[in-house]
Structure formats: structure tokens, C-alpha cells
Amino acid sequence: MAGYENIKDKGFDSRTTEDLREIATAGGKASGEARRRKSNFRKVLNMLLTAEIDNPEWTPTLKALGLDSTLESAVNAAVIKKALAGNVRAYEAIRDTLGQTLKSDLDIEEQLAKITHLNAQAEALKPNTDNDQPVKYTGIPSNMIAPVFAPVVFDIQEHGHTEYVFPGGRGSTKSSFISQQVIDLIKKNDQMHAVVMRQVADTLRGSVYQQILWAIEALDLSDEFHATVSPMEITRISTGQKIYFRGADDPGKVKSIKVPFGYIGILWLEELDQFTGPESVRKIEQSVIRGGDVAYIFKSFNPPKSASNWANKYIKIPKASRLITESTYLDVPKKWLGKPFLDEAEFLKEVNPEAYENEYMGVANGNGGNVFDNVVIREITDEEIAQFDHIYNGVDWGWYPDPYHFTRCHYDPARLRLLIFTEYRCNKQSNRQTADKLIEMGITGNDILTCDSAEEKSVGDYKAYGLLARGAIKGPGSVEYSMKWLQSLREIVIDNVRCPKTAEEFLEYEYERDKDGEVISGYPDAKNHGIDAVRYATNPIWKKKGQ
């Protein structure tokens, strides 16, 4: 007896009957305690599963499916949704559960039938368990598409148009929709590659690159794509198809794209209004879309305030191959946006209806008298600022009610672009106080400050405090000349988070009008303190001959 030989040396054969009885009793107690713990756990779990929930994400879904609002129903629905999206493990859990009785009134088979009714492609998304083949991809689930975009889906599938333009306000989910369509087209066209662009290359990583990654994750396709930052591109692993990311400010990199096979058939231009105009966009399309018979061009933007902006005019020109779909946050299910977003929109609607109409409803409600039609409002990243090498600082003196205003900007002469990324505005602050604030902000004795020369004493004070201040060179016609120079720039880029007052002034600054509503020549001297600070800052540039 091999087993007996193994234990006899440990003294088991020498134990008394009483010893064995005590061991058995202790084992029985331990076993009973374990059973009681499991029983208690089952009771607690059962109570939790049958508890009512009130969750803004799940309660409407359960109600639509005719289910009771319990945690168990939510868990079941979550598993089923995962299965419909192609999750093999979720499907196997459902398959193993079918036929068993559940606590809820509707069993999982009936829930599956209801969701299948809402999504006709559910069966195609189930894995083939007989040969363990991967899930067949058939498209974007309908519950991931805002109703306003539903007709566009069918048009894209039928290739009713080549160009799809999406002007819309904040929260309209136009970018989310387009990013999903890009992935969908890549999946359905093995020979097709995509290019995603913005005007400025430095803005790609934090916007459209992340947006495409979001779409891949949302469609549960993360295992099928590989993303890199340098070079910035995303590759479909099984086919080698590429999604390239480029900035229009470097045309050479756009023209140099060479695909490994097939052709570039998908182009997305995000923030269309930030591109330099229709001719520039046309050249991009001609450079990128080539080599195939079928192409899809997506363009999205938030309509600028000025109706005279080129992008606003662009969508008013009919074109047979173009489909325009306008959208607002009101076209989107509220639960997608969340209460904070909706509250913010309602607050702006109450305190500034015109701004609400433009920002959230996408209405170009400027009256056509805007002085600056070249303003671009966007984020200026820390990475961009770190590369700036032509920085200018300007000061417009003020006390009250006129404010003191300091500005900091970068000029890119090759692209005729001015980027405004810092401001400081205050009332009733002495020269000593404002100087201390600038020093606190990082301004040193090596930074030239070009100030309004009308206050020579203030300029002298700044010099006494260790700042490299000097008065702006003015003269007859200097206001008109400097304003025309600003208007002639290709772009005046303003970060409205870093410089809210400057952005507001440049966007809302308009020509004066006579009693008949006709524009009066000249520039109004009101609500322009940030503009004046920018004029002074750039004084060394525009005062040169030829500028």
C-alpha cells in the first residue's frame, strides 16, 4: 500500500479513535462555516442583483427593452451588447446561459431577441463557434449613430456623393461620426488608405489622432490596428492599410505620401475654416486623392461668426457631388453629452444668446462688418509654444474704465501667421503692480516690451523696475497701416482659453456704420485694448518697409 507507506511515518497510524473523532469534527465545522459563508454571499448577491437602479445610462435602455430596472437586467444587457459588438467571451457566456431560468421576468434569450430587432446585423456579429473563425465585421451599430446622421450612412454606403461636409455647433458629434466612418470604410475597402488633416500639424495629436483612436476602441477593433506617433499613422494589421495624419502647413509632407499598395481614397479635413481657403483645399484634394475610381472626402467645422468667412460661403455654393449635413447638440441623445455640457449650453444661451447661437447652434450670425475675417480660434499647445522663436510683447496702458492689457504673441513670417497665446488684463493696478505681475508670469529683462508711447512716464517706470520697455513708434496713418497689416495676414490664431478677452475683441470688432447701415471707413476706437496691445507688440514688424 503505497499510500499508507507515505503517511505512516507522520504518525497517522498511531492516532487514537478520539483523536480522529476530533479531527473529523473540526473538519465538519470548517466545512459548515464555508457553506454558511457561501450561502450568505449568495443571499447578498441576490439582493444586489434584484435591487432597483436609477442610472442615466442604463435606465432608459432597460425601459426601452421592457425590462425591470434592476442591476441584474443592466448586467445582462451589458453582456448582450458586448456580444453584439463581436466580443466572443460575452457571446459564449450568453450561449452557456441560454435555457436556464433567471430571476428577472425576461430571460436572456428574450432580451437577445429584442436587441436583435433593434440591430438587424446582430446575427452576423456572432462568432462561428464551429471553426473558431473571427467575428465578421458588418458595420457601425445603429445605436452609435446620432439620428441626424442616419441618412448620411446610407448615402455613404451607396456612394451617393464624393464630398461630405459637416458644419455644426459644439457637441454635435460630427467628428465622432466621421472618425467612425473612416474606420468603417477602411474595414470595407481593403485597397483603400486614408489621410486625416488639419491646417496646423502640431494640433493633430491632441485632436484627430485621438479621435480616430477613440473610434477604433468604440468599435471594439483595438486588436486590429497598430498606432504610432513617429511617424503619426495607424495601420490595419491584417491588410497593411494606413491612416496618415498631416498638417496643411507643410505641403511637402502631403505630396510625399506613398502608399504601399492600393490608393488613398479617404480624406478628412477637420476644422475646415482654419484652412487658408478654397484654392488651398482644392490643391490638397488633388494631391491626396489619386489612383482610384472611388473616393470619400469629409469636411467638418464649427461655422465662424462672420458670414463672410470663406468656409461659410463655401457651403452656400451648390455642387452635385457634395452632401451638406448641419447638426447641433440638440440632435444628439442627451446622455451622450452629460448634464454639465447641457448646463453650460443653457447658461450661455441665457447670458449671451448671440454667442450661444454661433457656438452651439452653428449659426454665422456676424453682420458682415467684421474687421478681421482671418481669425482662427483654436488651442495653442505647450509643444507649439516651446518651438516659438519670434516672440513679441505688447502693453496697452489703462486704469478705469479702460483696462490695462498685456499680450504675448509669435509671428511666423513664412506662413504669414500670428499666434496670440498670452494675455493679462486688469483695472486699477499701478505700474509697479502690473510690472510685478509680468515678472511673476516669467517676463525677464531680456524680453522686449513695446508699449503705448502715449504714456512716456509709464514706459520709464517699467525700465526702472528692470523691464526692457520701449514706446511704440507711431506717426500719421500708423493705426490704419497696422490694422491693414493684421488684416492681410493669412491667419491670426488666438487661443481663446489662454486669451479670452483678446479672442472676444478680434471676433467682435466691426466697422462703424452710418444711420443707413452703411459701413464707415476707419477703425472705431472702442473695445480694442487687446487689439492695440497686439499692434504695439508687432510694431517692429509692420513699421518696416514692404510689410
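Which helix is the place of E354? Select E354 and you land in helix α16. Keep in mind as you click around that this is a predicted model.

E354 counts as exposed because its relative accessibility is 51%, and the cut-off for exposed is over 50%.

**Stop two: salt bridges.** The structure holds 23 of them, so let's pick out a few.

Go to E224 and K187, whose side chains meet in a salt bridge at 2.5 Å, N to O. E224 sits in the loop between α10 (205-218) and β3 (225-229), while K187 is in helix α9 (residues 174-188), so the pair ties together parts that are 37 residues apart in sequence. E224 is partly exposed at 27% relative accessible area, whereas K187 counts as buried at 13%.

Now select D190 and R236, another salt bridge, at 2.9 Å, N to O. This pair links distant parts of the chain, 46 residues apart: D190 is in the loop between α9 and β2 (192-198), and R236 is in strand β4 (residues 232-236). D190 is partly exposed, at 40%; R236 is buried, at 8%.

Then hop to R415 and D412, which meet at 3.1 Å, N to O. Here R415 is partly exposed at 30% and D412 is buried at 11%.

**Last stop: a network.** Select E163, E285, K299, K319 and R322 together, and you have a network linked by salt bridges.

How values were computed
Residues are numbered from 1 along each chain as its sequence is written. This is a predicted model: local features need pLDDT of at least 70, side-chain atom pairs count only at pLDDT 80 or more; totals for chains, interfaces and linings use all residues. Side-chain values use heavy atoms; hydrogens and water are left out. Helices (H or I, at least four residues) and strands (E, at least two) are DSSP runs, numbered from the N terminus. Buried means under 20% relative accessible area, exposed over 50%, partly exposed in between (1.4 Å probe, protein chains only). A salt bridge is a side-chain nitrogen of Lys or Arg within 4 Å of a carboxyl oxygen of Asp or Glu.
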